[in-house]
Amino acid sequence: MSDHKKYRRETDLMHAGRKPDDYFGVVNPPICRTSTILYKDLAAYFDPNTKYRYGRVNNPLSQSFEEAIAALEGGFHAITASSGLAAITTTMLAFLQSGDHVLMVDSCYPPTRFFANKQLAGFGVDIEYYDPLIGAGIQDLIRENTKMIYLESPGSATFDVQDVPAIVRIAKQNAILTVMDNTYSAGVLFKPLSHGVNISVQSAAKYLGGHSDVNLGVAVADDEAHYKKLKSCAVNLGTCAAAEDLYLAMRGLRTLEMRLDHAHKNMMCVLSWFERRKEVQAIYCPILQKSPGHKTWKRDFKTTNGLFSVLFKPEYSMEQVGRFVDALALFPVGSSWGGYESLIQPQDMKSYRSNWEKEGVFLRFQIGNENPQDLIEDLDNAIKFLRA
Ligand SMILES: *Cc1c(COP(=O)(O)O)cnc(C)c1O
């Protein structure tokens, strides 16, 4: 779209990645299923400026979606991958080599941690975890071979909010690349690149897709050099995304802000129910004063998404909490979040963190688009089974 930069963010999102002129006026870029792309002649095959060469590498739909996400995150350009995790692993492999040292936030998405500990460490990359609230104190952990600082904020499970500007400042002083998992914010609630982060990664399976039916990941680079490195690694690894998933995520973009807003409002209703429960030891949600990094959240964010976690008091066993969970009609147990339905997922904090000392069952809640009063009545009914 021409001149779309003069509009406000919400308006931009309606236009990002669309090219009706390329498709006879068709509103949405159509699903483009292709491996082979034909060249008009041999000269076109050898022309380095030919735009589309092979479906896995680049095609009209992946290109449109990558442009849209780059616009959303305010970056140079993006790559897409078959999942959020694939976007993360591709990004790490693009910028790391054996002998490098990486500082990883301790509250990162657990599969990211398992990839780092198993694959990266196996290739001779030195992985060190840091406290999500470390801020400028990260300076003390920097070594001569520190190549990357990996952030995720708010983090997984406990939603610790990092002081991104302070960490980026130290990273820049030491010429270290910063990569941030921005899935929580869906590219809307927080803009890592505008705070100087080099690569923003997210799973489009969450709020971007928004309907629990997409496996897709994106990584947006801040400049051309970083993008080229990222893209070349993606091509070498065979990283690519499925056509239907790209289409659905692109469609999700148009309602993204509304859905996030609604998720936040519904989440607040359910959150206040949990705040009144005496069975609860702690609630993790950045909007709460006691939640880790709340002050930083207040400085850098305006709202949250639909997530929070509950740590029950240690006297409630997994079996008792299980009775409560199984008595709920509107909160099925399921992985992932960002869809339309409320969900619960237990979190195995001892394997997710370097030093998790707290006792008690830990559940993550994703609040969907149900009427919040129905959710609260469901909780009111099921909580009796916790004490039974
Ligand atoms: C879900 C998730 C991912 C991984 O996304 P997939 O698309 O499931 O691979 C990465 N980071 C965070 C914070 C997530 O919640």
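The loop between strand S4 (146–152) and helix H6 (164–173) contains Pro154; helices (H or I, at least four residues) and strands (E, at least two) are DSSP runs, numbered from the N terminus. Pro154 is joined to Ser153 by a cis peptide bond, with omega about -15°. Ala157 is found in the loop between S4 and H6 as well, and has a positive phi of about 70° although it is not a glycine. The model is predicted, so that local features need pLDDT of at least 70 and side-chain atom pairs count only at pLDDT 80 or more, while totals for chains, interfaces and linings use all residues. Residues are numbered from 1 along each chain as its sequence is written, and side-chain values use heavy atoms, with hydrogens and water left out.

The shell around the ligand has 13 residues, of which Gly84, Leu85, Asp181, Ser203 and Lys206 come nearest; a residue is near a molecule if one of its heavy atoms lies within 4 Å of it. By class, the shell divides into five nonpolar, five polar and three charged residues (Ala, Val, Leu, Ile, Met, Phe, Trp, Tyr, Cys and Pro count as nonpolar, Asp, Glu, Lys and Arg as charged, and the others, Gly among them, as polar). Helix H4 (residues 84–95) supplies the largest share of the shell, three residues.

Polar contacts are pairs of N or O atoms within 3.5 Å. A polar side-chain atom of Lys206 lies 2.6 Å from an oxygen atom of the ligand. For Gly84, a backbone N or O atom is 2.8 Å from a ligand oxygen atom, and a polar backbone atom of Leu85 is 2.8 Å from an oxygen atom of the ligand. The protein covers 88% of the 380 Å² of accessible area that the ligand has on its own (Shrake-Rupley method, 1.4 Å probe).

The ligand takes up the space of the second largest pocket, a molecule being placed in a pocket if more than half of its atoms lie within 2 Å of its grid points. On a 1 Å grid over the protein atoms alone, a pocket is an open set of points with protein on both sides within 12 Å along at least five of seven lines, a cavity is a set where a 1.4 Å probe fits but cannot get out, and lining residues have an atom within 4 Å of a point.

The largest pocket holds about 420 Å³ of space, a volume being the space filled by probe spheres set on the points, which are joined across faces, edges and corners. Of its 19 lining residues, Ala282, Tyr284, Lys290, Ser291 and Pro292 are the closest to its centre. Strand S8 (residues 280–284) gives the most to this lining, with four residues. The lining of the largest pocket divides into seven nonpolar, four polar and eight charged residues.

One cavity of 30 Å³ or more is found in the whole structure. The largest cavity has a volume of about 60 Å³, and its lining includes Tyr207, Arg259, Tyr340 and Asn369.

Methods. A polar contact is a pair of N or O atoms within 3.5 Å; within protein, one must be able to donate a hydrogen and the other to accept it, and residues adjacent in sequence count only if both atoms are side-chain atoms.
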